[in-house]
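Student: Please walk me through this model one feature at a time. How do I read each one?

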Amino acid sequence: KDKQNPNHKALDMHYQPPLRAQEAENYDFFLALPDVDASSVKLDVLSNNQLAALAAGALDDCAETLEDLDLSYNNLEQLPWEALGRLGNVNTLGLDHNLLASVPAGAFSRLHKLARLDMTSNRLTTIPPDPLFSRLPLLARPRGSPASALVLAFGGNPLHCNCELVWLRRLAREDDLEACASPPALGGRYFWAVDEKGFDCNVLC
């Protein structure tokens, strides 16, 4: 209760029709807003939305114009990889801080304009070969990177450092802090510090 006004209760009740008329006018304002032409969208920020899934057709309308796509900090376990592969003009692709456990081979092969790919902090144990990675120099940081280089970040993943990752170890790339999670002999060691011969598929554990 309001001590100054004993008749004032915690819940105020008002006659509804006048309020509804006012809110209807406000609602009409939003209905009158023009539709956005999805084919002109260049930047799509969907980060920090707790997304658990992304529909296969969600990017169809802006596939030809989208230049930056940020899907970071969600709960994505899967992605519509075929749809992502059609983003021919995308420059930056943020997939970091999700729950991705795998990436299909060749998922990025058609992204010829991709300059930055962030797959940090997912659940990836391996990264399959991709023609895009072999065409461009791989860098760890964007500062000072040439236009023809790809900034690739994949730290914070439980990488299983065996022969399936030899292709990545062989690529010319500046040292960074990516680490192996397994096998036990390599657990905790910096990925780029492990000799190529250490990536052995004969190690079972």
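**Reading the cysteines**

Tutor: Start with C163, which is partly exposed at a relative accessible area of 37%. Partly exposed sits between two cut-offs: buried is under 20% relative accessible area, and exposed is over 50% (1.4 Å probe, protein chains only). Keep the ground rules in mind. This is a predicted model, where local features need pLDDT of at least 70 and side-chain atom pairs count only at pLDDT 80 or more, while totals for chains, interfaces and linings use all residues. Residues are numbered from 1 along each chain as its sequence is written, and side-chain values use heavy atoms, with hydrogens and water left out.

Student: Which cysteine is the partner of C163 in a disulfide?

Tutor: General idea first. A disulfide is a covalent bond between the sulfur atoms of two cysteines. Here the test is a pair of cysteine sulfur atoms within 2.5 Å. C163 pairs with C201, and their sulfur atoms are 1.6 Å apart. The torsion about this S-S bond is -90 degrees, a left-handed link. C163 lies in the loop between β7 and α4, and C201 in the segment after β8. The link thus joins distant parts of the chain, 38 residues apart. C201 is also partly exposed, at 32% relative accessibility.

Student: How many disulfides does the structure hold?

Tutor: Two. The other joins C161 and C180, with sulfur atoms 2.0 Å apart. Its S-S torsion is about -100 degrees, so this disulfide is left-handed. C161 is in the loop between β7 (159-160) and α4, and C180 is in strand β8 (residues 180-182), so the pair ties together parts that are 19 residues apart in sequence.

Student: Are C161 and C180 buried or exposed?

Tutor: C161 is buried, at 0% relative accessible area. C180 is buried too, at 4%. Now number the bonded cysteines in sequence order. The pairing reads 1-3, 2-4. As for C62, it counts as buried at 6% relative accessibility.

Student: How many helices and strands does the chain have?

Tutor: Check the definition before you count. Helices (H or I, at least four residues) and strands (E, at least two) are DSSP runs, numbered from the N terminus. This chain has four helices and eight strands. From the N terminus, the order is α-β-β-α-β-β-α-β-β-β-α-β.

Student: Which residues have the most contacts inside the largest nonpolar core?

Tutor: The general idea: in soluble globular proteins, nonpolar side chains tend to be buried together. A nonpolar core here is a set of buried Ala, Val, Leu, Ile, Met, Phe, Trp, Tyr and Cys residues joined through side-chain atoms within 4.5 Å. The largest one has 43 residues, and those with the most contacts inside it are L95, F108, L117, F133, L168 and F191. The elements that give two or more residues are α2 (81-84), α3 (131-135), β6 (150-153) and α4 (166-169). The most comes from α4, with three.

Student: Which residues does L117 touch?

Tutor: Contact means heavy atoms within 4.5 Å. Leaving out residues up to four places away in sequence, L117 touches L93, L95, F108, F133, L150, V151, L152 and A153. Residues 24 or more positions apart account for 54% of them.

Student: What about the surface?

Tutor: Areas come from the Shrake-Rupley method with a 1.4 Å probe; for residues, only the protein chains shown count as cover. The chain's accessible surface is about 12,500 Å², and 54% of that belongs to carbon and sulfur atoms. Buried residues make up 36% of the 205 residues.

Student: Which residues form a nonpolar patch on the surface?

Tutor: F29, F30 and L33, with about 340 Å² of accessible area together. F30 is in helix α1 (residues 16-31). This residue is exposed, at 56% relative accessible area.

Student: Where is the cis peptide bond?

Tutor: Read omega. The cis bond joins S182 and P183, with omega about 0 degrees. P183 is in the segment after β8.

Student: What is the phi of N48?

Tutor: About 55 degrees, a positive value although N48 is not a glycine. N48 is in the loop between β1 (43-45) and β2 (68-70), and it counts as exposed at 56% relative accessibility. S121 is another non-glycine residue with positive phi, near 55 degrees. S121 sits in the loop between β4 (116-118) and α3, partly exposed at 25%.

Conventions:
Patches are made of residues with over 30% relative accessible area and no salt bridge: like charges are joined within 9 Å, nonpolar side chains (Val, Leu, Ile, Met, Phe, Trp, Tyr) within 5 Å. A salt bridge is a side-chain nitrogen of Lys or Arg within 4 Å of a carboxyl oxygen of Asp or Glu.
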